[in-house]
Amino acid sequence: NGMDIDDLTGSVTIAAGATSATITVRPVDDTTIDANETVIVTLSANAAYTLGTTTAGTVTIADNDVPVATPLPVLIVIANNDFYYTEYSAPRAALEAAGIPVVVGAGRRALSVPHVNTGYTSGNGAVMPDIALADARASDYSAIVFVGGWGAAQYQFAFPGTYNNVAYNGTPAIREAANRLINEFVAQDKIVTGVCYGVSVLAWSRVNGQSLLQGRMATIAHFNSPTNNLPEAGLYRWHLETNGATAFTGGELGQPVSRFDDVLVDGRVITGENYDSGRLLGETLADRLLNRNQPVATITASDATAAEAARETGSFTAARTGPTGAALVVRFAMSGTATNGTDYDSLREAVLIQPGQTTAAITVRPIDDATSDADETAIATLTVNPAYNLGAATSGTVTIADNDAPSAALLLPDLLVIAN
């Protein structure tokens with residue numbers, strides 16, 4: 001009483017002229033997994049009445065909480081040489097705090113040493129992997145995390161250059177094993193993540209002939225790549241942009257002076273900028289694997305009218321409810337009588353909601369052509385995406401007013417020629 005059901009006072013008044021009164025049992029909808037429970041009401045002896053033959057009744061409360069199965073372990077991949085220790089330890093701590101087991105993998109099952117001064121508290125921070133990547137299979141895991149540090153270069157499957165530090169080049173077999181795992185996780189619709197330079201591993205993967213990050217948004221640190229023979233392979237972001245991704249780096253996500261919120265979710269791919277982002281990446285991944293705190297996305301026409309005259313804009317607003325710690329990519333499809341890129345400036349059909357924010361604007365800017373049209377519509381419709389659930393409002397319409405008057409036909413007189 002008062003915990004599983006709303007508090008009952010222990011007495012009820014039968015009104016004058018009435019022969020009965022109702023005692024309502026209102027369950028409290030908690031999140032505790034219980035067997036069905038009972039509420040038993042028993043009459044107490046009282047000088048005001050005599051007890052009849054029926055002095056007790058039972059109400060059974062059905063529970064609605066489903067046990068959450070512990071996900072399969074997460075495979076955290078470190079480099080055999082020069083991984084960044086905090087980018088390994090912070091996601092691991094967040095996952096294990098959520099009850100999700102972790103298995104550590106590397107190219108070789110040999111003692112692996114991190115960069116110096118990267119967050120370890122004893123010795124040189126060396127970690128013994130549990131498994132070599134050649135022996136790992138995605139079916140045994142719920143997600144994979146590629147940890148940063150320059151040594152992650154050993155897993156860059158399609159990188160065309162050569163690093164001065166030979167350990168960073170890995171071997172063909174190790175790069176192939178890393179790429180095979182990424183393909184297996186994608187094929188099994190599981191989450192693939194990377195932190196800092198580990199995100200470059202995702203960029204240089206090849207899934208169905210293209211990078212996993214092709215057409216996606218991702219974040220990576222604003223650092224220089226390890227020395228290599230490609231002059232263009234400087235900043236980390238080059239690895240992403242060369243492979244068709246939109247890169248966010250150097251404070252472009254969330255708080256400009258902080259990297260703790262620089263985590264980005266785009267479908268089944270989650271990326272974190274650097275070691276400061278590791279904890280939030282682990283927490284965000286845990287939420288997805290435990291199916292808790294799932295975002296709900298909506299889209300509406302926040303300014304439903306636009307016009308060719310003066311290129312007056314209209315707009316849609318993509319919104320989310322739920323946790324806002326990480327950035328979220330919301331994807332949509334454009335339709336309607338107006339053509340994307342012809343009747344209005346081209347829209348990418350994806351928008352980023354920044355960390356800490358609940359909305360993002362999508363601007364429809366008409367193209368002022370010389371064609372006389374009826375008013376046209378631009379319709380944005382959310383597409384199904386594993387990064388979020390769809391809310392009630394899944395589409396919106398912006399109407400574009402035309403400013404070209406129909407051309408009137410010029411009627412000339414007929415010329416009649418008569419012979420003399």
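**Entry 1: Asn208**

I looked up Asn208 and found a relative accessibility of 77%, so Asn208 counts as exposed, the cut-off being over 50%. The model I am reading is a predicted one. I located Asn208 in the loop between H3 and strand S10 (217-219). I then read its backbone: phi of Asn208 is near 55°, a positive value, and the residue is not a glycine. I noted this because most residues other than glycine have a negative phi.

**Entry 2: Asn293**

I turned to another asparagine with a positive phi. Asn293 takes a value of about 55° although it is not a glycine. I placed Asn293 in the loop between helix H5 (278-289) and strand S14 (296-303). Is Asn293 buried, exposed or partly exposed? With a relative accessibility of 45%, Asn293 counts as partly exposed, because that class lies between 20% and 50%.

**Entry 3: Helix H2**

I checked the length of helix H2, which runs over residues 172-187. At 1.5 Å a residue, its 16 residues should span 22 Å, and I found the end C-alpha atoms 22 Å apart, so the two values agree. Just after H2, I recorded a positive phi of about 60° at Asp189.

I next asked which residues of H2 are buried. They are Ile174, Ala177, Ala178, Asn179, Leu181, Ile182, Glu184 and Phe185. I also looked for what covers these residues, and the cover includes strand S3 (74-77), strand S8 (143-146), strand S9 (191-195) and helix H3 (199-203).

**Entry 4: Thr193**

I followed strand S9 to Thr193, which has its place there. Thr193 has 0% relative accessibility and therefore counts as buried, the limit being under 20%. Which residues does Thr193 contact, leaving aside neighbours within four places in sequence? I listed Ile144, Val145, Phe146, Leu202, Ile270, Leu281 and Leu285.

**Entry 5: Thr305**

Thr305 is found in strand S15, residues 305-307. Its relative accessibility is 46%, so Thr305 counts as partly exposed. Not counting residues up to four places away in sequence, Thr305 touches Glu312, Thr313, Gly314, Val398 and Thr399. I also noted the pair Thr305 and Ala401: they are 96 residues apart in sequence, while their C-alpha atoms are 7.6 Å apart in space.

**Entry 6: The whole protein**

I counted 5 helices and 22 strands in the protein. The radius of gyration is 31 Å, well over the 22 Å that the globule rule gives for 420 residues, so the protein is more spread out than a compact globule. Along the principal axes, the C-alpha trace spans about 130 × 90 × 40 Å.

How much of the protein is buried? Buried residues make up 44% of the 420 residues. I looked at contacts with a separation of 6 or more, and residues 24 or more positions apart account for 68% of them. The protein exposes about 20,600 Å², of which carbon and sulfur atoms supply 52%. On charge, I recorded 21 positive and 42 negative side chains, with the centres of the two sets 12 Å apart.

Notes
Residues are numbered from 1 along each chain as its sequence is written. This is a predicted model: local features need pLDDT of at least 70, side-chain atom pairs count only at pLDDT 80 or more; totals for chains, interfaces and linings use all residues. Side-chain values use heavy atoms; hydrogens and water are left out. Helices (H or I, at least four residues) and strands (E, at least two) are DSSP runs, numbered from the N terminus. The radius of gyration is taken over C-alpha atoms; the globule rule is 2.2 Å times the number of residues to the power 0.38. Buried means under 20% relative accessible area, exposed over 50%, partly exposed in between (1.4 Å probe, protein chains only). Contact means heavy atoms within 4.5 Å. Accessible areas come from the Shrake-Rupley method with a 1.4 Å probe; for residues, only the protein chains shown count as cover. Lys and Arg count as positive and Asp and Glu as negative; His and the chain ends are not counted. The place of a charge is taken as NZ of Lys, CZ of Arg, CG of Asp or CD of Glu. The expected span of a helix is 1.5 Å times one less than its number of residues.
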